[in-house]
Amino acid sequence: MPSNTWEYYICCKNMTAMNSQHFILFSAIFLLLNACSPTDSQKEKTSLVYAWTTTPDQQKLLFPDTITFSNLPEKETPTIRLDSSERFQEVEGFGFTLTGGSASLINQLGEEKKAQLLQELFGNESDAIGISYLRISLGASDLSESVFSYDDLPPGQTDTALAHFSLGPDSVDLIPILKRILTIRPDLKIMASPWSSPVWMKSNGDSKGGNLLPQFYSVYADYFVKYIQQMAAQGITIDAVTPQNEPQHGGNNPSLVMSAQEQADFVKNHLGPAFRDAAISTKIIVWDHNCDQPEFPIAILDDAAAKPFVYGSAFHLYNGEVSALSKVHDAHPDKALYFTEQWTGAKGTFDGDFQWHIKNVIIGTMRNWSRTALEWNLANDPNFEPHTPGGCTECKGALTIDGQNITRNVSYYIVGHASRFVWPGSVRIGSKGPDSLPNVAFVRPDGKTVLLVLNDGQEQAHFYVDKNGQGFVASLGPGSAGTYVW
């Protein structure tokens with residue numbers, strides 16, 4: 001959006017479809033607006049803050065508005081103070097997990113609708129939400145149509161040379177969709193997480209549960225290497241991997257159990273050296289599970305031989321408190337933190353899920369040093385499918401895709417309140433305010449400031465935002481969130 005009437009004039013003048021009559025009309029509008037525009041000395045006082053609001057009753061969904069800078073009201077007003085001299089972590093992105101099921105649903109859309117949807121999700125236009133980070137499964141997740149690995153064999157057989165390795169099932173929908181996304185957003189970052197190794201590597205010979213057998217640690221490390229190399233051959237760069245999704249939850253299908261000691265052994269003696277020897281720069285991110293066990297990643301990072309191979313730790317929030325991220329940061333401040341998964345469910349409500357997720361998944365993770373905030377699956381059908389036998393039956397995607405019809409659900413707006421405005425490379429800055437107004441602030445690479453605020457109280461909230469002596473008054477209803485950019 002042009003920031004002043006002159007930029008608007010130039011924008012209109014350069015519209016290729018504009019004829020001479022339209023240009024004359026826009027010229028007249030420009031002259032009228034310019035006659036009323038402020039002098040240079042007035043501009044700072046009358047500059048606009050661009051605001052987008054979502055309300056729990058869904059009457060406003062990323063609804064745009066503008067606010068004029070003003071002095072602090074005389075009466076006592078709650079204040080959120082920003083301090084750009086306090087600088088914290090750099091943001092890598094916001095987004096979702098593109099599950100195999102999500103990819104298949106998107107891929108079956110008609111060509112025009114598919115192109116429009118991908119542009120809306122990943123584009124930089126004013127009506128796009130600008131997703132900048134995706135997580136994908138390395139092999140099947142429980143929201144794939146079926147269970148598979150990249151080296152499935154008949155019972156009793158092994159393939160230590162990985163001669164049968166193939167990206168096979170992912171070549172149908174996931175890889176084609178990723179390629180299309182990358183034409184829209186070439187700087188997209190992708191994290192890959194396995195739900196299970198091939199079953200012939202496991203202690204129980206089953207896709208569900210079991211442990212990785214020690215004799216296959218090096219083979220499994222080579223499996224990661226082959227995956228990264230073959231995805232690269234498809235033009236898809238894997239920025240980061242986790243050794244295992246939810247390593248303390250063996251009840252999913254597929255799944256695999258890993259202790260902290262097993263994961264440290266795998267990373268320091270197998271996966272890390274395999275990446276080094278193959279000149280692979282993909283980051284290794286440990287844990288990738290709940291906030292109730294920060295001691296798991298800390299134990300790996302405390303291992304002097306494992307730590308050099310580890311870039312950071314990843315978290316979910318189905319158990320524990322989001323402050324666990326700061327506990328890991330305080331123990332190892334040289335390592336990065338990522339928030340990689342949180343679902344919204346079939347039985348949830350828009351207002352309850354929106355308020356909780358904005359507070360914890362977006363604001364909470366960012367205030368606790370995370371570089372990403374990712375919701376769970378991007379899309380499902382009206383029956384919360386596809387999923388594997390024994391996979392999640394209530395996971396609600398950001399989108400419900402019913403044939404050619406698309407519904408945008410609550411997590412679309414949860415992520416959109418950040419992804420659209422907080423660009424990769426933004427840096428979190430200091431922000432303090434009342435407990436009833438959870439907030440987080442950033443400075444973007446273009447120098448703009450972005451503030452996200454939630455009204456966590458029961459009453460209408462009027463508050464003042466102050467940054468370096470310049471501020472504005474804003475208002476949010478109970479359970480509403482606002483993103484402000486200036």
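Is D187 buried, partly exposed or exposed? In this predicted model, D187 is partly exposed at a relative accessible area of 47%, where buried means under 20% relative accessible area, exposed over 50%, and partly exposed in between (1.4 Å probe, protein chains only). Residues are numbered from 1 along each chain as its sequence is written, and side-chain values use heavy atoms, with hydrogens and water left out. Because the model is predicted, local features need pLDDT of at least 70 and side-chain atom pairs count only at pLDDT 80 or more, whereas totals for chains, interfaces and linings use all residues.

The salt-bridge partner of D187 is R185, with 3.2 Å between the closest N and O atoms; a salt bridge is taken as a side-chain nitrogen of Lys or Arg within 4 Å of a carboxyl oxygen of Asp or Glu. R185 is buried, its relative accessibility being 7%. In total, 15 salt bridges are present in the structure. Side chains of opposite charge can pair when their charged atoms come close.

A further salt bridge joins K268 to D303 at an N to O distance of 2.8 Å. K268 belongs to helix 8 (residues 260-277) and D303 to the loop between helix 9 and strand 9, so the pair ties together parts that are 35 residues apart in sequence. Helices (H or I, at least four residues) and strands (E, at least two) are DSSP runs, numbered from the N terminus. K268 is partly exposed at 24% relative accessibility, while D303 is buried at 18%.

E394 and K347 also form a salt bridge (2.4 Å, N to O). Distant parts of the chain are linked by this pair, 47 residues apart: E394 lies in the loop between strand 13 (379-380) and strand 14 (395-396), and K347 in the loop between strand 11 (344-345) and helix 11 (350-367). E394 is partly exposed, at 26% relative accessibility, and K347 is exposed, at 68%.

Strand 8 (residues 283-291) pairs with strand 9 (residues 312-320) in the parallel sense over 6 bridges, pairing being assigned if DSSP finds at least two bridges between two strands. Strand 9 in turn pairs with strand 10 (residues 336-341) in the parallel sense, over 5 bridges. The crossover from strand 9 through helix 10 (residues 324-331) to strand 10 is right-handed.

Note on methods: A crossover is right-handed if, with the strands pointing away from the viewer, the path from the first strand over the helix to the second runs clockwise.
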